[in-house]
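I set down what I looked up, entry by entry.

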Amino acid sequence: MADDLNWAIGGEAGDGIDSTGKIFAQALSRAGRHVFTSKDFASRIRGGYTAYKVRTSVEKVQSVVDRLDILVALTPRTVEENEDELHEGSVVIYDGERTSMSDFEPPEGVIGLPVPLQALAEEAGGAIMRNVVALGAVTAVADFPVENLGESLEKQFGDKGEKIVQNNKDAARLGREYVEDEYLDEYDFDYSLETTDNDYVLLNGDEAIGMGALAAGCRFYSGYPITPATDVMEYLKGRIEQYGGHVVQAEDELSAINMALGAARAGARAMTATSGPGIDLMAETFGLVATSETPLVITNVMRSGPSTGMPTKQEQGDLNMMLYGGHGEIPRFVLAPTTIAECFWKAVEAFNLAEKYQTPVYLTADLSLAVTEQTFEPETFDMDAVEIDRGKIVDEEDIGQWQDEKDRFQPHFPTADGVSPRALPGTEGGVHMSTGLEHDELGRRTEDTDVRVEQVDKRNRKVETAREEEDWEPREFGNPDADTLVISWGSNEGAMVEALDYLDERGVDVRFISVPYVFPRPDLTDAVEAADETIVVECNAQGQFADLMEHDTLTRVERITKYTGVRFKADELADDIAAALGETTEVSA
């Protein structure tokens, strides 16, 4: 029996795959088990293959692997898509009474369990509950208490009335009873899901970003719906209002960033979120944000490109756009959370950096972080540990030292650290303006060459000040003295951390550095020089972060890139690293 269990349900878009997977993930979480999910969905409302995978263990899990133990197959394609991950003893649950599945024969060594999902659902109250019947069948195979599933069903359908909840519980019970009556004597299923008394929080990266924004004091959000960033807006809607804030769904990305800019100028902590195509559209206002020295957080949840690309697939291809995008030279910060939990904390940090340095901040995640749900101990998100730094906001008592000889406030005063005083609207003596044109210390437009140089240097000095004052250190795992160094950024951390265990099993010693700051970023020159081999891992075709490492360290690095639209898996990544080092033996998940 494996230490963890890997379960999946697959079918067509519109078959309720996502809600079914979430019900099971919540049930496992409520039973005190760790959960890590993965989704594969088409960019259409109906049709196209879609799947939801759950990995669960009593120990922490932070990646998916190439192994499936129990598969609920609503269509023949579901088995085709996952056949390589099925193994001796895997169980496939399907509706043998459906025409499309009536001739299904499981792969060799795989146990096929035909269960009349639709018929049992109709007996419980409606064919729409066939997926819940399948979940009930899964509880029998996995030796998991159906009562825990019942709690999750109450959470999912509680607002629809007691009858709907009871019908779904009946559907789950009928699915379980069918498997118990028909198959438990015939098969010895090698699965038993232990429950614990542990209490976990289950959330995805978009939700963690939204929660972090609220904790940081964000009171205005404007955005245009776009996969995979929309869940940030959905999380904030209905919550931010409780703190006096507002969510506005704009007509497009240009309006979204301009609304957020206006709110930030008015003194609110403001944010917008989008994906690659939206970042392109926001580029012009991004320059205005920087030259007007307005603090603003822009969340970019990356997906496959270019253009519309593959909207529902994984990629880390926007790195160069966030580093260099925009007309002219624009100071900025780029933060890249490496875990779902860090999405929360980096959101808080992004707002603090934006206001301390009056600079736009990219908070970048990707589809894998955005849609993946994972369990955490509640104390992971300790609101009491959140610190707010609003930077150089001045009030009536201090405004005088920032006025000129005519008592005019100087919002772009060329300070030594590059950060000017900031007066919020309504501050007596703080009336001022700013323009997207080059301006002097009062915000008035100018083409004076000396003032131009002074203001450009002043804005750039803020980044240099931040380099010295802030902590840009990476996260480190593995053996710090290993000859092999692996570097990654963003969401690859979880898969790489688990890959270290697989590599250790075959005697491959690795030092792993995970970088959550893309700009400014830590200087890894010493680490690269100390290694015999340096490998950079990322989800894009050209190795954009590897280019940065070579630029910074003046050393050639090996590259492991993936741009299939699917995230790295722990065992797969271990194989790729071993192959890069000349090893040939595959690991086993």
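**Helix pairs**

I looked up helix 3 (residues 117–124) and helix 4 (residues 130–142), which pack at an angle of about 105° with their axes 8 Å apart. By the angle classes (under 35 degrees roughly parallel, over 145 roughly antiparallel, 65 to 115 roughly perpendicular, the rest oblique), helix 3 is therefore roughly perpendicular to helix 4. On the helix 3 side I listed Leu-117, Gln-118, Leu-120 and Ala-121, and on the helix 4 side Arg-130, Val-133 and Ala-134. I note that this contact of helix 3 with helix 4 has 5 nonpolar, 1 polar and 1 charged residues.

Before going on, I record the basis of these entries: the model is predicted, local features need pLDDT of at least 70, side-chain atom pairs count only at pLDDT 80 or more, and totals for chains, interfaces and linings use all residues. Residues are numbered from 1 along each chain as its sequence is written, and side-chain values use heavy atoms, with hydrogens and water left out.

For terms, helices (H or I, at least four residues) and strands (E, at least two) are DSSP runs numbered from the N terminus. Contact means heavy atoms within 4.5 Å. Axes are lines fitted to C-alpha atoms, for helices over the stretch in contact, and angles run from 0 to 180 degrees between N-to-C directions. Ala, Val, Leu, Ile, Met, Phe, Trp, Tyr, Cys and Pro count as nonpolar, Asp, Glu, Lys and Arg as charged, and the others, Gly among them, as polar.

I then took helix 1 (residues 17–30) with helix 5 (residues 146–157): the angle is about 125° and the axes are 8 Å apart. The two helices are therefore oblique to each other. From helix 1, the residues that meet helix 5 are Ser-19, Lys-22, Ile-23, Gln-26, Ala-27 and Arg-30. I counted the classes for this contact of helix 1 with helix 5 as 5 nonpolar, 5 polar and 4 charged.

I traced an open sheet of 7 strands in the order 9-8-10-11-13-12-18, with mixed pairing; strands pair if DSSP finds at least two bridges between them. Strand 9 (246–249) and strand 18 (517–519) are the edge strands, each pairing on one side only. Neighbouring strands are turned by 20° against each other on average, direction ignored. Strand 11 and strand 13 (residues 360–366) run parallel and are joined by 7 bridges. Met-302 has Asp-366 of strand 13 as its bridge partner. Helix 7 (residues 205–215) packs on this sheet, and its direction makes about 140° with that of strand 8 (218–223). Helix 9 (residues 253–265) also packs on the sheet, at about 165° to the direction of strand 10.

Strand 16 (residues 484–489) pairs with strand 19 (residues 533–538) in the parallel sense over 5 bridges. Ile-487 is bridged to Val-536 in strand 19.

**Ser-304**

Is Ser-304 buried or exposed? I placed Ser-304 in the loop between strand 11 (296–302) and helix 11 (319–324). Ser-304 counts as buried because its relative accessibility is 1% (buried is under 20% relative accessible area, exposed over 50%, partly exposed in between; 1.4 Å probe, protein chains only). Leaving aside neighbours within four places in sequence, its contacts include Gly-309, Met-310 and Gly-565.
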